[in-house]
Amino acid sequence: MPHSQTSAPRDSLTGVRIARGASPWLLPTVATAALSLVRARRSRRAAAIAVPTTALAAGMLWFFRDPEREIAQGRVISPADGVVQSIMPWKDGRTRVAIFMSPLNVHVNRAPLAGTVTSVEHVPGGFVPAFNKESENNERVVWHFDTELGDIEMVQIAGAVARRIVPYIPQGTKVEQGERIGLIRFGSRVDIYLPEGVDVAVEVGQTTTAGVTRIDRD
């Protein structure tokens with residue numbers, strides 16, 4: 001099955017490919033920077049303001065970048081860019097792999113397997129740093145996929161800075177492995193639960209790339 005890279009529309013700004021759902025943050029920032037640059041020609045004060053606003057706009061473009069990926073082969077691939085924070089056996093036999101996303105990572109998350117989205121549940125909660133144990137109670141979106149390995153659960157968790165999770169697709173949607181499924185603004189954490197009997201191929205501290213890094217082992 002070919003991997004789709006055009007299943008959802010994306011925001012567009014000056015030819016830069018950015019993540020869908022970034023416009024509420026990005027457009028005002030870029031507009032402010034552009035206005036500051038125009039006014040900078042007339043006064044030193046405006047020029048001084050233009051420096052930080054332009055830097056902030058450039059940072060936003062970087063934060064919300066949405067690069068194309070050559071999707072890797074494998075049963076389960078990473079849903080997020082980041083660093084493996086923990087690998088924890090669960091009471092029901094599954095293994096939870098938690099991936100911490102910093103503000104410098106790509107924030108677009110991808111489907112770890114091909115399948116059908118059986119549920120997308122938003123759960124209200126707090127906004128403590130994602131590396132804190134209390135982040136288990138943070139605001140999150142819980143995904144379930146019906147796949148060739150059975151039910152796969154994935155959780156997008158907001159953090160201290162990330163205050164909005166933006167799902168791209170609804171329940172009932174068929175997705176291909178590596179397809180873009182949602183955005184966590186400014187990073188945070190993504191957990192994936194591997195079924196019982198599936199061995200983990202990554203280690204704590206390892207860097208992962210969404211759609212590229214294989215999570216399971218044959």
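Two helices and 15 strands make up the secondary structure of the protein. Keep in mind as you look around that this is a predicted model. Its mean pLDDT is 80, with 67% of the residues at 70 or more.

| Strand | Residues | Mean pLDDT |
|---|---|---|
| E1 (lowest) | 12-13 | 43 |
| E10 (highest) | 174-175 | 98 |

Now for the protein as a whole. It has 218 residues, of which 49% count as buried. Its accessible surface comes to about 10,600 Å², and carbon and sulfur atoms account for 57% of that. Among contacts between residues at least 6 apart in sequence, 68% join residues at least 24 apart.

What lies inside? The largest nonpolar core has 32 residues, and the ones with the most contacts inside it are Val97, Trp143, Phe145, Ile169, Val175, Ile181 and Leu194. Strands E4 (95-101), E7 (140-147), E8 (150-157), E9 (165-167), E11 (180-184) and E12 (188-194) each give two or more residues to this core. Apart from it lies another core, of five residues, including Val123, Val142, Val155 and Ile157.

Beyond its neighbours within four places in sequence, Trp143 is in contact with Val117, Ser119, Val120, Ile152, Glu153, Met154, Gln156, Pro167, Ile169 and Ile181.

Note on methods. Residues numbered from 1 in each chain as written. Predicted model: local features only at pLDDT ≥ 70, side-chain atom pairs only at ≥ 80, totals over all residues. Heavy atoms only, no water. pLDDT = per-residue confidence, 0-100. Helix = DSSP H or I, 4+ residues; strand = E, 2+ residues; numbered from the N terminus. Core = buried A, V, L, I, M, F, W, Y, C linked by side-chain atoms within 4.5 Å. Buried < 20%, exposed > 50% of the residue type's maximum accessible area, 1.4 Å probe, protein only. Contact = heavy atoms within 4.5 Å. Areas by Shrake-Rupley, 256 points an atom, 1.4 Å probe, with all protein chains shown as cover.
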